[in-house]
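Here's a quick briefing to read alongside the structure.

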Amino acid sequence: MKKNLLPLAALLPLCAAAQQRYNIVYIMTDDHTAQMLSAYDSRNIQTPNLDRIAQDGVKFTRSFVANSLSGPSRACMLTGKHSHKNGFTNNEHGIFDGEQQTMPKLLQKAGYQTSIVGKWHLVSRPTGFDHWDILPGQGNYYDPDFYNEKGSYKVKGYLTNIVTDKAIHWLDEERDPNKPFALFVHHKACHRDWLPELKYLHEYEDVNFPLPANFYDDYAGREAAGKTEMEIGKHMTLDYDCKIMPRDGKGSHLLPSYLGFLDRLNTQDRAKYDYFYDSISVDFHKRNLTGKALVEYKFQRYMRDYAKVVKSLDDNVGRLLDHLKAKGLLDNTLVVYTSDQGFYMGEHGWFDKRFMYEESLNTPLLMHLPKGLSARGEINEMVQNIDYAPTFLELAGAAIPNDIQGVSLVPLLKGQHPKNWRKSVYYHFYEFPAEHSVRRHYGVRGERYKLMHFYNDNDAWELYDLQNDPTEMHNLYGDPKMKNVTKQMKKELLRLQKQYDDSIRFQQKL
Ligand code: SGN
Ligand code: CA
């Protein structure tokens, strides 16, 4: 009798076969914020292709990062762990330890093919990918360099188009069609310094974007906010950021030497670029702007160039979605659209990110769902970028290791609303001293309140009531009326620091 029984190990492949093996296409952009994505906010621009994902699938309304910076966000996504656990806490000194457990490696073990194209930004060579073709560092928008197993090479064209071409080429020509796959499409768009595709140079030039209500923030009661170097007025440069060239004696424009990225363009393309920005520069020099008029001028230049970069991005996301559909892949593929973090579009007078305030703690998260995942519309549960790894593993039918700190989003994608879902998220930012001078801080964001602690060269707490003060202008820390709320939030912060095993904690004095 005994020898007729199948050993358990022999049954496992049958279980795996019974499970639907969804493909995953993960599109991650750089610094694309919800204020510039019309599925979230249609005041500024329209992004019809991105909106399509939300219309047919789901839109997460409370999607957060764990550490609002490129490398750290990528490391959180790859590992499903907070920065202090995956070791990549900041861009300036980080080298990702590719020996550690990562979600792409676990997907490979589960029989998936993995590929990444575009921005990597983790310094060490990618591990866990069958195919990788990535940018050195931040990469270039125009005629960019790439590198892969074979070495580095230059490609002619505009980066957002090229990254999409590479993704499509891998899907069509390079992968094994008999295996499930996970494809990571990582765009540089819309990172500083917002260089548009040449065909879109003239777009949005007739638009005057509305100033955010707190554009002229005086940072009262928020010490760290007052000490940054990310103010559009004081720190956004006219040449590098706004592409205004200094005037020379003959009325033409001198190029500062660090604008070397333009040397990548061939003569014809360079002429198109110069034709456009020279006219902008000539007009600027005629105006002799000062004070608020100058600050608001810079804001408009920033918004317009950023919007142009998003336009190419939206085109390309549409192109990839159409391609997946034409190839019959959409029904069996989860398509994720997100960014490595949000960004300030003039809120608090800023550009850049890093802070735990809403604009940069948030990141867009839209998903096209394959057949079998029935959620549609808005998902309001709090999610974080450490959740992507366990989600993909569950969809691949792979076990989720215990040391992964994120939580699988699959129940939410099935339309469920688990009662015990998290009610707060933990955040920790480390990159200081560094560019833009945002002090180190950690904090907890709950359903209504947010508590932050700036801790290294200062010791300052901030508390916000997001219901009454959604733009976080009034620091309530120390207000006697907030004593109980403060106590609760500190307790929650400490609970999360212990749960995630972060050794940089505050000394609790309740
Ligand atoms: C560059 C940018 C910064 C930006 C960081 C990090 N400066 O250093 O403005 O904050 O990247 O961005 S630039 O002069 O090179 O444009 S991140 O998204 O990669 O983390
Ligand atoms: Ca970024």
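Just past helix H8, Gly-328 adopts a positive phi of about 70°. Helices (H or I, at least four residues) and strands (E, at least two) are DSSP runs, numbered from the N terminus. This is a predicted model, where local features need pLDDT of at least 70, side-chain atom pairs count only at pLDDT 80 or more, and totals for chains, interfaces and linings use all residues. Residues are numbered from 1 along each chain as its sequence is written, chains are lettered from A and ligands numbered from 1 in the order in which they are written, and side-chain values use heavy atoms, with hydrogens and water left out.

**Helices H8 and H2**
- The axes of H2 (residues 48-56) and H8 (residues 291-326) come within 7 Å and cross at roughly 50° (axes are lines fitted to C-alpha atoms over the stretch in contact, with angles from 0 to 180 degrees between N-to-C directions).
- On the H2 side, the contact (heavy atoms within 4.5 Å) is made by Pro-48, Asn-49, Leu-50, Arg-52 and Ile-53.

**Strands E15 and E16**
- E15 (residues 449-454) runs antiparallel to E16, and six bridges join them.
- A hairpin of five residues connects E15 to E16.
- Tyr-449 has Asp-465 in E16 as its bridge partner.
- Six of the six residues of E16 (residues 460-465) are buried, meaning under 20% relative accessible area (1.4 Å probe, protein chains only).
- Ala-460, Glu-462 and Tyr-464 point one way from E16, and Trp-461, Leu-463 and Asp-465 the other way.

Technical notes
Buried < 20%, exposed > 50% of the residue type's maximum accessible area, 1.4 Å probe, protein only. Pairing = 2+ DSSP bridges.
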